Structures are given as structure tokens and as C-alpha cells.
Amino acid sequence: MAAPMDTNVDLLVRQDDPRQFRLVETPAPAAATLDEGEVLVRVEKFGFSANNVTYAVLGKSDIINYFDFFPTGDAQWGRVPVWGMGAIAASRHPELARGERMYGYFPLSRYARLRPARTTPLGFDVDRGGLPAVYNQYALTRSDPFYLPAHEDAMIVFRPLVLTSILLDDFIADGNDYFGAESVTIASASSKTSFGLALMLARRNVGRAVVGLTSAHHAAFVRKLGVYSRVVSYEDIGNLPAGPTTVFVDVAGDAGVRRALRARLGSSLRATITVGLSHWDKAGGSPAAEASSDEPTLFFFAPAWVEKRWKDWGTAVLGQKIAVAWQEFMARAEEWVRIVRGEGGDAVTSVYSGMVDGRCGPDDAHVLSLWEGAFTSR
């Protein structure tokens, strides 16, 4: 049954088990309850991928507390953050008018109540204390250089994933000179973050192979992308050549895959970089604890690398570098996937449970909304 239009809806997730979730309906926030300087944002639509499952799994981790961005006040249940489009439904901020649209970081809800700390030429920032600044920036569509109005839904899905890919490419190639390795091996090669990284690495044309590891079921899709030098199924890791040195980018977070790769490559494995948890239920223990003393294991946290590059290059140079890579990726993105839209609570929970259980296809890019009619009314 559809929730009334004047009702807020939240998807809440058990903080200790992402498989447990529920929809909660509450009265919609009233404009009269806003404090001076606040805005009420109607969350129009958002992308959903394995990246959001990582947010749920790491919601209360030592790495970053993703449930702290939009706290529920309940120690057992948290809100999963999403990246998407919103519009100001009510405002008590002198510089932000009702109707302004923006791209940014929202709770998986119909509404978000935000307090801008400062406005910028691109939009506004929210102060969330010690939480990473990159999650606190909201870009107004009228001034956002990354906004693609003709490809809005594809932009919503790919933007947080490809920005991570672009930064990870810079971290590996320019920041660490490939860790001295002759190739790069990427697990969960069908994920959008992974093939975004593969494209970024391939465009450098430096003669280093980019190997994609994936399930046998997804191998055909990954080969069709055309961004990997070689595609290998997890079951065939034992047949990988043991000679070329490699840096391993672990987007899967699967302990079994890490062990198999280490057993096969031995000293040829120069570094492991953990990025995501698309195989979150097979994560096992700490990746660093499994590694030999000669193999550095690092967790790549994109917001920290952004802040480093801000200091190294300045905002303008960093923005230009990212913009060039972003435009190159988006020119091809819609060749690789189909946009799958879903509206209403049932559609959202179906995709959420499918993503948690690993049942969603790699060639689907999900754009969702808790508002019935969000897409059909257009």
C-alpha cells in the first residue's frame, strides 16, 4: 500500500545486520518547525548500488560511522546514506529559495532537514563535526559543473562511484607509482567502481595489464566492457601467471579471494588496496592481518585522498582533472548498463534486499525514489 503523500518514509537497517530492514512512516516535517537558517529538502530520487551496501555494513565500523550522518537516535537501527537529487521544499535560509534543486548526500528517506553552514558558488556545505567534508557538500544544479541534465539518472548512479574510481586511479598511478608493480588486478570486476577504475588505468596507456576478477556468471559482461586486459573467474585464480608483479584492488572484500590470490602470486603481490565490500558476507577478518610482512595492505578512503589533493593542487586544478575524466567516462557509461527505475517503498526494498543478497545484475543501474509517481508522472 502506498504511503500518503503527506507522510515521510524512512528505510531503516539493523546496525548489526544489513539483511534486516524496515520502512517507517512518520508525519512529514512541517515548514513551520524549521529553525532559522534551515532548509527542508524533498529527496526526489537516488542511485543505489553495492556502494550503499558498504555504507550499511560499515555503518558503525572503526573506518567511518556512516550511520552518524543521519542519526536515528536508536542504537539498533540506522539510516543508509544515498547520493541523489533533492529539491528545497521549504526554506528559512536567506540565500536558498524553495524549489532549488541539488545533488548531494541524503538519508534513504522522503525528506532531509539540513542546516547549511556556508554557501559557496556551487551550492552549500553542512557542518557535521568530524565527519568527512566531501559528504557534506550539496551542489545546486544551476551551478554544478558535473551536472548532466540530459543524462540525470545515469549521473546519479555513476557520480559517487566514478569519482572514487578517478581518485583511486590517481592514488595508484601518480600517488604511489603502481607500488612498483607491473600490473593491476581488480576483484569484483563487474562493479561500477571497478570498471570505472579499469577505464581510468587503461586510458594512461602505460603498458601495464589490468586484470579483472569476477564470478563465472558475470564474466561475459565484464569481457564485453572492453576495459580489462584479461578477465579471470574466481574459480580460475589458480591458473593466473605467477610471474608478473601486481597490485591488488579489492572491491569485493572476499577473504577467500584474497587468500587464493596470495597463495597463487606469493611475492609477486606487491600491495593490496581494500576499497569496498560487494561480497560483504564473505569478508572474514582484517585484510591487513592476513598479509605477509612484505606486502602493504591499505584501506583506500576517497575523502581523505580528496583532501590531500586539495592541498597538493588546489580546488581548481583538482576539479579540472576530475571533470576531464568524468566526461570521458560518462561518454561511454550508458553503452554498458541500462537504467532501471523504481518508485515507492516496495520497489526500494526489493532492490535493497537484492543488492544485499548479491542478486542484482551488473548491467543494471538502479535509480529509485520513495515517492510513488516519481518517474511515471514525468
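Helices (H or I, at least four residues) and strands (E, at least two) are taken here as DSSP runs, numbered from the N terminus. On that basis, D177 falls in the loop between α2 and β11 (183–187), and its phi is near 45°, a positive value in a residue other than glycine.

The model is a predicted one, in which local features need pLDDT of at least 70 and side-chain atom pairs count only at pLDDT 80 or more, while totals for chains, interfaces and linings use all residues. Residues are numbered from 1 along each chain as its sequence is written, and side-chain values use heavy atoms, with hydrogens and water left out.

**Overall form**

The chain contains nine helices and 18 strands, and its C-alpha trace spans about 65 × 45 × 40 Å along the principal axes. The radius of gyration, taken over C-alpha atoms, is compared with a globule rule of 2.2 Å times the number of residues to the power 0.38. For 378 residues a compact globule would have a value near 21 Å, and the chain, with 21 Å, agrees.

Buried is used for a relative accessible area under 20%, exposed for over 50%, and partly exposed for values in between (1.4 Å probe, protein chains only). By this criterion 57% of the 378 residues count as buried. Contact means heavy atoms within 4.5 Å; among contacts between residues at least 6 apart in sequence, 72% join residues at least 24 apart.

Accessible areas come from the Shrake-Rupley method with a 1.4 Å probe, and for residues only the protein chains shown count as cover. The chain exposes about 15,900 Å², of which carbon and sulfur atoms supply 50%.

A nonpolar core is a set of buried Ala, Val, Leu, Ile, Met, Phe, Trp, Tyr and Cys residues joined through side-chain atoms within 4.5 Å. The largest such core has 110 residues, and those with the most contacts inside it are F158, I186, F195, Y228 and F329. Its largest share, twelve residues, is contributed by helix α2 (residues 152–175). A second, separate core of 13 residues includes V211, L240, A252 and L265. In soluble globular proteins, nonpolar side chains tend to be buried together.

Helix α3 (residues 192–202) is mostly covered, with ten of its eleven residues buried; among them are F195, A198 and S194.

**Individual buried positions**

| Residue | Relative accessible area | Element |
|---|---|---|
| V306 | 7% | helix α7 (residues 302–313) |
| S233 | 10% | strand β13 (residues 230–233) |
| W326 | 0% | helix α8 (residues 315–336) |

The contacts that follow leave out residues up to four places away in sequence. W326 touches F146, L148, M155, F158, R159, V162 and I166, and of these F158 is also one of the residues with the most contacts inside the largest core. The C-alpha atoms of W326 and V227, 99 residues apart along the chain, are separated by 16 Å. V306 is in contact with L167 and L318, while its C-alpha atom lies 20 Å from that of F106, a residue 200 places away in sequence. S233, in turn, touches T214, S215 and A216.

**Backbone at S188**

Most residues other than glycine have a negative phi, and most peptide bonds are trans. Like D177, whose phi is near 45°, S188 has a positive phi, of about 55°, although it is not a glycine. S188 is found in the loop between β11 and α3, and it counts as buried because its relative accessibility is 7%. Between S188 and E25, which are 163 residues apart in sequence, the C-alpha to C-alpha distance is 35 Å.
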